[in-house]
Amino acid sequence: MGAQQVRKFSRRAHVMPGGSKGESARMSLTRINVEAGGNYPVLVGQGLLGELPELLGPRVEKVLVIHPRALRTTGETVRDDLRATGLDAIVAEIPDAEEAKHVQVAAFCWQVLGQSDFTRTDAIITVGGGAVSDLGGFVAATWLRGLSAIHIPTTVLGMVDAAIGGKTGINTAEGKNLVGSFHAPSGVLVDLDTLQTLPENELFTGLAEVVKTGFIADPAILDLVSSHSKAEIAEVDGPVLRELIERAIAVKADVVADDFKESGRREILNYGHTLAHAIEHKERYQWRHGAAVSVGMVFAAEVAAMVKGLPPETVDLHRELLTKLGLPITYRADVWPQLLETMKRDKKARGSMLRMVLLGEVGSPATVEIPDVSILHTAYQEVGEDSPRIMLGTDLG
């Protein structure tokens, strides 16, 4: 394999192949259309690689497949399938998880594109979790001011959140996703077979974002989690997980269609994220995103109880469902001042005024100004503890 065929940001590797169910499973494909920054499909099913050529379209000649080192085999499988259709496909291997979301990694990908003579009619495909679609989408948005991008998310978090909606970004020392662009993909392939090898704890941390969509827009999601066992929810080939994923995708598709560039309603998708991003920053992005969002939602519920009169039973429901999924609902009590300083830099802030997405009731979120930080301190006392659970590790890819 020549130097122009395979590019690696790092030589370390850990193989994590995806699976395939074949033609029979493909018959159950679900198509969810997203009208935000364009009109593109999210395809949900199993064994979906055969759908790629149609999504790419007839004008594409070159494709860069960006994948993390943990998914080397899967990324190379996608490349080989594309080559079999006559496309000039190469791969770029990048670090795993949040380590990928740095400007140096983006610059590496730009270098590959430039040295391979990519034009505006060529495309990028990302294979991996939320970090890969964030980074790959940003590279696609910035090279020649916009290449086509197709995402193949391989984690629950990527499937229901990062791969959909066109938000791209990288991290800086000052915070998460502060540098980025809005760039809608040409399509998203949610191949449930890729979850077969996903560690169970990664699956459940990804479900935090699914529960979030239940609280802000679709109570049926909460009912599904409440009425099924953890084992039933975790069954990759089962109907419960698929319905949860499809419902969460439908919520995000509806929200971003109303507000592609997050000037209004789209902010509700940040429910639980104000504190979550501060926790991730404090932990230098070594905490799983879904775990941080889980704590952040409980915190937001406590704030809403004081600011918007959220009923105590709804606050309790947050703890009940998230605990059932094995997710944390507390964080360190001794770091509140540092967390508050980071929260003040949240993208929803306006000047010195901190704003949060809060619920008045299930399915009724709104962005609310918090005039007095003492409210936040009081709410944090309900989630802070001396020895919270450690949730090291991040979304794969």
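1. Start with E209. This residue sits in helix α7, which spans residues 200-216. The model is a predicted one, and the remarks here apply to that model. E209 has a relative accessibility of 1%, so it counts as buried. Buried here means under 20% relative accessible area.

2. What does E209 touch, once its neighbours within four places in sequence are set aside? The contacts are L157, V160, D161, H273, H289 and V293. Two histidines, H273 and H289, are on that list.

3. Now take H289. The residue belongs to helix α12, residues 289-307. With 9% relative accessibility, H289 counts as buried because the cut-off for that label is under 20%. Leaving out residues up to four places away in sequence, H289 is in contact with L157, K176, E209, H273, H277 and E280.

4. A polar contact of 2.9 Å links them.

5. In an unreviewed UniProt entry, the annotation "binding site" covers E209, H273 and H289. These residues are spread over 81 residues of sequence, yet they cluster in space, with a largest C-alpha distance of 10.0 Å.

6. Next, the interior. In soluble globular proteins, nonpolar side chains tend to be buried together. Here the largest nonpolar core has 86 residues. Within this core, V42, L207, F299 and L376 touch the most other members. Helix α12 gives the most to the core, with 11 residues. A second core is separate and has 22 residues, including A106, C109, L135 and I170.

7. Apart from neighbours within four places in sequence, L376 is in contact with F299, V303, W336, L340, M343, L354, M356 and I370. F299, one of these contacts, is itself among the core residues that touch the most other members.

8. Last, the helix that holds L376. In helix α15, residues 373-380, the buried residues are L376, A379 and Y380. Why do they fall on the same side of α15? They cover an arc of only 100° around the axis, which puts them on the same side.

Conventions: Residues numbered from 1 in each chain as written. Predicted model: local features only at pLDDT ≥ 70, side-chain atom pairs only at ≥ 80, totals over all residues. Heavy atoms only, no water. UniProt positions renumbered as here; feature names shortened; annotations may be inferred. Helix = DSSP H or I, 4+ residues; strand = E, 2+ residues; numbered from the N terminus. Buried < 20%, exposed > 50% of the residue type's maximum accessible area, 1.4 Å probe, protein only. Contact = heavy atoms within 4.5 Å. Polar contact = N/O pair within 3.5 Å; in protein donor to acceptor, adjacent residues only side chain to side chain. Core = buried A, V, L, I, M, F, W, Y, C linked by side-chain atoms within 4.5 Å. Arc of directions from axis to C-beta.
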